[in-house]
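Work through the exercises below with the sequence and the structure side by side. Try each task before reading its solution.

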Amino acid sequence: KPDSPTDLELTDQMERSVQLTWIPGDENNRFQSNGPGLEYKVQWRQKDVEDDWTSKNVVNVSQLIVSGTPTYVPYEIKVQAFNDYGNGPEPAVVIGFSGEDRK
C-alpha cells in the first residue's frame, strides 16, 4: 500500500479558485513510485458547513485546481494515496483559505 502524501498546501489562491499541492509519499524511494496504479483521492469541503466531501481522483500529478470557491472561506482538505494494493493511511485534514477578492 502507498505512503501518505505530505506537505499539503493551498497555493495560488485566485478570486474563484485555489490550487492544492502536495509531496508524494515515499520521497526517498521514487523508483518504487508507491506501487502500480498509484492515484490520489483529493477531498475538500467548506469548514464548519455540514456539506459532504467533494472528491476527485488524480493520476501522475501532485496538484489540483479547485474552481468555484467563494472568497476567503476556510476549507478542510485531505489527500489519500491509493494503488492496486489498496488505500494508504487515512490522511490528516488540513485547513486552508480560498482566494481573496482581487477587485
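**Exercise 1.** Decide whether serine 67 is buried or exposed.

Solution. Start from the cut-offs: buried means under 20% relative accessible area, exposed over 50%, and partly exposed in between (1.4 Å probe, protein chains only). Serine 67 has a relative accessible area of 57%, so serine 67 is exposed. The model is predicted: local features need pLDDT of at least 70, side-chain atom pairs count only at pLDDT 80 or more, and totals for chains, interfaces and linings use all residues. Residues are numbered from 1 along each chain as its sequence is written, and side-chain values use heavy atoms, with hydrogens and water left out.

**Exercise 2.** Find the element that holds serine 67, and the residues in contact with serine 67 beyond its neighbours within four places in sequence.

Solution. Strands are DSSP runs (E, at least two residues), numbered from the N terminus. Serine 67 belongs to strand 5, residues 63–67. Contact means heavy atoms within 4.5 Å. With neighbours within four places set aside, Arg16 and Ser17 are in contact with serine 67. Methionine 14 is 53 residues away from serine 67 in sequence, yet the C-alpha to C-alpha separation is 9.2 Å.

**Exercise 3.** Give the strand order of the open sheet of three strands, and explain why strand 1 and strand 5 have a side without a neighbour.

Solution. Two strands pair if DSSP finds at least two bridges between them. The order is 1-2-5, with antiparallel pairing. Strand 1 and strand 5 are at the edges with a single partner strand each, so one side of each has no neighbour in the sheet. Strand 1 and strand 2 pair over four bridges; leucine 10 stands opposite leucine 20 in strand 2.
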